[in-house]
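Good morning, and thank you for coming.

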Amino acid sequence: MALRRSIVFATDALDATLDLAVHAEAAGFDRVWTTEYVGRDACVRALAVAMRTSNIEVGTGVAYAFTRAPLAMAALASDIQKIARGRFSLGISPGTRGVRRWYDAEFDPPAPRLVQYVEQLRTIWEADSSYAGAPLFAPAFNPIMTRHAARVCDGLLLHPLAAGEVHFFERVLPAMRTGAQQRERPPELVAWRVTSIHADEETARRNARGQLAFYFSTPSYEPVVADTPWEDVPATIRERFAASDGTPQWKRIGEEIPDDMLDEFTLTATPEQAHGRLQHLQRRLEAQGITEIGFQTVGAGLDDDEVATNCRHIIDALGPGTTQQTTHTEDQHHG
């Protein structure tokens, strides 16, 4: 089965992403994922995308569970599913400890609480036929959360840092197998990939470095590089972040990311290089059991227009319809 392709709108920009969702649908993408952070709501954005499109699937990647009681989330997801005519998937997360602190929310211990939350959603949907349920996804990053989520969810959303070879094979995959051992079939595995495409390859790589620096400035992401040649990099990034006086220049901090580390966690390319590099990455992900790749736009240190432009480049270069057409045209040319 071919690896499904989706695009992840990890950005505060709103109007531009709705137009881009229509563009992604026309390019043959399988799904659009909306994201949540302070200042943006993944569910509202997923609903807006569903209303602007006809066939493409839409999912939240992810909506914070702690901001909505299960009964409220069940109704919200049901309404989106009805309006989307069955195209909606609900990705939920307990967030990081820091994010929960911003919201003055308590959701501990996060992994067992998320399992309970999922079970409550399903109970609500099953008890009343007027509800329309949705496939449920949860994050796969640390082994504890992965094990719990694999037991009860329809799919797992691999954080862009979770698919690194060492972390994935030594921590994530064993945890997933343990959690799913009582299931008839394993959960779907959606791997998000930080993706940066620019006419100038060095600019593409600089933007991707900035995104990785943003992630690794958070201590909870450091374990993904344990037992790798890059295990000292996060500490250096945090030092530079601490010295930035609250206004971090992510592209400059990202200079600490070495080339091989960048290539491990991101897809960077010019539009002409993108399809070939995707083919190499796709073989690797399929061998890992991944069922879908989500191209997550870079955003750290970029303005909304720059993010929208990167999303457009992703769609134009990596859309299933566009790449098939490009391949067909190249075959004709070389024939």
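Let me begin with a question: does Glu-306 count as buried, partly exposed or exposed? Glu-306 counts as partly exposed, because its relative accessibility is 37%; buried means under 20% relative accessible area, exposed means over 50%, and partly exposed lies in between, with a 1.4 Å probe and protein chains only.

Before I go further, please note that this is a predicted model, in which local features need pLDDT of at least 70 and side-chain atom pairs count only at pLDDT 80 or more, while totals for chains, interfaces and linings use all residues. Residues are numbered from 1 along each chain as its sequence is written, and side-chain values use heavy atoms, with hydrogens and water left out.

Glu-306 lies in helix H13, residues 304–318; helices are DSSP runs of H or I with at least four residues, strands are runs of E with at least two, and both are numbered from the N terminus. Together with Asp-303, Asp-304 and Asp-305, Glu-306 belongs to a patch of negative charge on the surface. Patches are made of residues with over 30% relative accessible area and no salt bridge, where like charges are joined within 9 Å and nonpolar side chains (Val, Leu, Ile, Met, Phe, Trp, Tyr) within 5 Å. Asp and Glu count as negative, Lys and Arg as positive, and His and the chain ends are not counted. The place of a charge is taken as NZ of Lys, CZ of Arg, CG of Asp or CD of Glu.

A nonpolar patch on the surface is formed by Val-38, Trp-102 and Tyr-103, with about 310 Å² of accessible area together; such areas come from the Shrake-Rupley method with a 1.4 Å probe, and for residues only the protein chains shown count as cover. Trp-102 lies in helix H4, residues 97–102, and counts as exposed because its relative accessibility is 52%.

I turn now to the salt bridges. How many salt bridges does a search of the whole structure find? The search finds 22, where a salt bridge is a side-chain nitrogen of Lys or Arg within 4 Å of a carboxyl oxygen of Asp or Glu.

In one of them, Arg-31 pairs with Glu-188, and the closest N and O atoms are 3.9 Å apart. This pair links distant parts of the chain, 157 residues apart: Arg-31 is in strand S2 (residues 31–34) and Glu-188 in strand S8 (residues 188–197). Arg-31 is buried, because its relative accessible area is 2%, whereas Glu-188, at 32%, counts as partly exposed.

Another salt bridge joins Glu-255 and Arg-240, with the closest N and O atoms 4.0 Å apart. Here too, distant parts of the chain are linked: Glu-255 sits in the loop between helix H10 (250–253) and helix H11 (259–265), and Arg-240 in helix H9 (residues 233–242), 15 residues apart. Glu-255 is exposed, at 57% relative accessible area, and Arg-240 is partly exposed, at 29%. Elsewhere, salt bridges that share partners join Arg-4, Arg-31, Glu-57, Glu-188 and Glu-292 into one network.

What of the cysteines? The structure holds zero disulfides, a disulfide being a pair of cysteine sulfur atoms within 2.5 Å. For Cys-43, the nearest cysteine sulfur is that of Cys-153, 15 Å away. Cys-43 counts as buried at 2% relative accessibility, and Cys-311 counts as buried at 0%.

Finally, the backbone. Most residues other than glycine have a negative phi, and most peptide bonds are trans. Gly-61 and Val-62 are joined by a cis peptide bond, with omega about 10 degrees; Val-62 is in the loop between strand S3 (57–60) and strand S4 (63–64). The peptide bond from Asp-108 to Pro-109 is also cis, with omega near -10 degrees, and Pro-109 lies in the loop between H4 and H5.

That loop between H4 and H5 also contains Asp-104, whose phi is positive, near 55 degrees. Asp-104 is exposed, because its relative accessible area is 74%. Asp-227 likewise has a positive phi, near 65 degrees, and is found in the loop between helix H8 (201–216) and H9. Thank you; I welcome your questions.
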